[in-house]
Amino acid sequence: MAEREYTFKIVLVGEPGVGKTSIIRRYIHGIFEENYRASVGTRIFSRELVVDNKHVTLSIFEIGGQEKFRFGENVLYKGSDGVVIVFDITNENSFQVLDDWFSQVESNLGEDVPLILAGNKYDLGGSRRVQRQEALSYTSSHGVEYLESSAKTGKNVIKLFYSLIQKIFSSPKYGS
Ligand SMILES: Nc1nc2c(ncn2[C@@H]2O[C@H](COP(=O)(O)OP(=O)(O)OP(=O)(O)O)[C@@H](O)[C@H]2O)c(=O)[nH]1
Ligand SMILES: [Mg+2]
């Protein structure tokens, strides 16, 4: 019997410079670049993988920091199956404004959208400004999973997408 194929849209959101593009680039191409170029406009990345014997095609979008200031609906969220909110563990502000990102996600996709919070730049632990414990208590109050990642070393990058896909499969929409 032919296996069903799934196509999921995933968006990464968060403040400028936290590493959204770098996480995607690491995941899709297995590379890392030190140079920072702010993302302008929309680029869609795609990757196929198998999760728990299911064929999945991911379309991955990034919503940049400037999008936060657009009120109401943001068309980029439309049809998203899952979200990664990213902050930078060396940048306190990127953590402090997470409420804004959570409410933007919620107003566009509802409360129950599969979601993971990523504390990125784990490799820069010496400059850490946000303690793991703080982030964990923040996420437990929102009922979401927290992972620390590094686009530079690759730590938890595959796991981030894998866990999110598993959450999508166990969400009411796909209900397995
Ligand atoms: N050391 C380290 N640097 C990182 C990591 N992730 C991203 N960076 C660096 O941080 C800077 C910003 O990364 P981007 O991936 O462009 O950030 P972004 O979130 O896409 O930023 P915008 O597109 O402006 O919203 C770049 O110089 C990256 O090289 C990481 O895990 N570790
Ligand atoms: Mg970017």
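Here is a quick tour of a predicted model, taking in its nonpolar core, the surroundings of its ligand and one glutamate.

Let's start inside. The largest nonpolar core has 39 residues, and Val84 and Ile85 touch the most other members. Two or more residues each come from β1 (5-13), α1 (20-29), β3 (54-63), β4 (82-88), α3 (98-109), β5 (115-120) and α5 (157-169). Among these, α5 gives the most, with six residues.

What does isoleucine 85 touch, once residues up to four places away in sequence are left out? The list runs Val13, Gly14, Leu98, Trp101, Phe102, Val105, Leu115 and Leu117.

Now for the ligand. There are 22 residues around ligand 1, and Gly19, Thr21, Ser22, Tyr36 and Ser39 come nearest. Helix α1 supplies the largest share of this shell, three residues. Sorted by class, the shell looks like this:

| Class | Residues in the shell around ligand 1 |
|---|---|
| Nonpolar | six residues |
| Polar | 10 residues |

Last stop: glutamate 62, which sits in strand β3. Is glutamate 62 buried or exposed? Glutamate 62 counts as buried because 22 other C-beta atoms lie within 10 Å, and the cut-off is 20 or more. Setting aside neighbours within four places in sequence, glutamate 62 is in contact with Leu12, Lys20, Thr21, Ile24 and Ser39. As for tyrosine 162, 100 residues from glutamate 62 along the chain, the two C-alpha atoms are separated by 17 Å.

Conventions:
Residues numbered from 1 in each chain as written. Chains lettered and ligands numbered in written order. Predicted model: local features only at pLDDT ≥ 70, side-chain atom pairs only at ≥ 80, totals over all residues. Core = buried A, V, L, I, M, F, W, Y, C linked by C-beta atoms within 7 Å. Buried ≥ 20, exposed ≤ 12 C-beta atoms within 10 Å, placed from the backbone. Helix = DSSP H or I, 4+ residues; strand = E, 2+ residues; numbered from the N terminus. Contact = placed C-beta atoms within 7 Å. Near = placed C-beta within 6 Å. Nonpolar A, V, L, I, M, F, W, Y, C, P; charged D, E, K, R; others polar.
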